[in-house]
Amino acid sequence: MASHLEEEWLEWIREHIAHVLGTGLFKDAKLTRVLVEEQDGSSTFSIQYKAISRETLETYYANHSETLRKTGLDKWGNNVLSFRTELDVLDEYTVHTNLN
């Protein structure tokens, strides 16, 4: 997205994420900046939602997705590119450190 839209979009997307999580169909979400230097100075972000189950994801698609996606499209139009990718988590690993 163009750099002049970034601050406003970040404010909006944080509210949007809260609406998605408010459906009760997801465990959590992560908003990240993709660390790549675009030639035109634009920024790229990623939002990753973790669904409670495949069934809750399907419920989200059936009952909430269209309305929430339309809200973003109506506000941002062609200024923001968005797409979905579904991932299947095979394993998760966590390191617990002792910082004593």
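A nonpolar core is a set of buried Ala, Val, Leu, Ile, Met, Phe, Trp, Tyr and Cys residues joined through side-chain atoms within 4.5 Å. Keep that in mind for these close-ups, which all come from a predicted model.

**View 1. Here's the largest nonpolar core.** Nine residues make it up: Met1, Leu5, Trp9, Leu10, Trp12, Ile13, Ile17, Phe45 and Trp76. Helix 1, residues 6–21, is the top contributor, giving five of them. Apart from this core lies another one, with six residues, including Val20, Leu25, Phe26 and Leu57. In soluble globular proteins, nonpolar side chains tend to be buried together.

**View 2. Now zoom in on Trp9, a member of that largest core.** If you skip its neighbours within four places in sequence, Trp9 is in contact with Met1, Leu31, Phe45, Ile47, Trp76 and Val80.

View 3. Is Glu6 buried or exposed? Its relative accessible area is 15%, and buried means under 20%, so Glu6 counts as buried. Again leaving out neighbours within four places in sequence, Glu6 is in contact with Met1, Arg33, Ser43 and Phe45.

**View 4. Helix 1 packs with helix 2, residues 54–76.** Their axes sit 11 Å apart, at an angle of about 165°. Angles over 145 degrees count as roughly antiparallel, so that's the label for this pair. The crossing of helix 1 and helix 2 is right-handed.

**View 5. Here's where helix 1 and helix 2 meet.** From helix 1 come Glu8, Trp9, Trp12, His16, His19 and Val20, while helix 2 brings Tyr60, Leu68, Thr71, Gly72, Lys75 and Trp76. Sorted by class, this contact has six nonpolar, four polar and two charged residues.

Notes: Residues are numbered from 1 along each chain as its sequence is written. This is a predicted model: local features need pLDDT of at least 70, side-chain atom pairs count only at pLDDT 80 or more; totals for chains, interfaces and linings use all residues. Side-chain values use heavy atoms; hydrogens and water are left out. Buried means under 20% relative accessible area, exposed over 50%, partly exposed in between (1.4 Å probe, protein chains only). Helices (H or I, at least four residues) and strands (E, at least two) are DSSP runs, numbered from the N terminus. Contact means heavy atoms within 4.5 Å. Axes are lines fitted to C-alpha atoms, for helices over the stretch in contact, and angles run from 0 to 180 degrees between N-to-C directions. Angles under 35 degrees count as roughly parallel, over 145 as roughly antiparallel, 65 to 115 as roughly perpendicular and the rest as oblique. A crossing is left-handed if the near helix is turned anticlockwise from the far one by less than a right angle, and right-handed if clockwise. Ala, Val, Leu, Ile, Met, Phe, Trp, Tyr, Cys and Pro count as nonpolar, Asp, Glu, Lys and Arg as charged, and the others, Gly among them, as polar.
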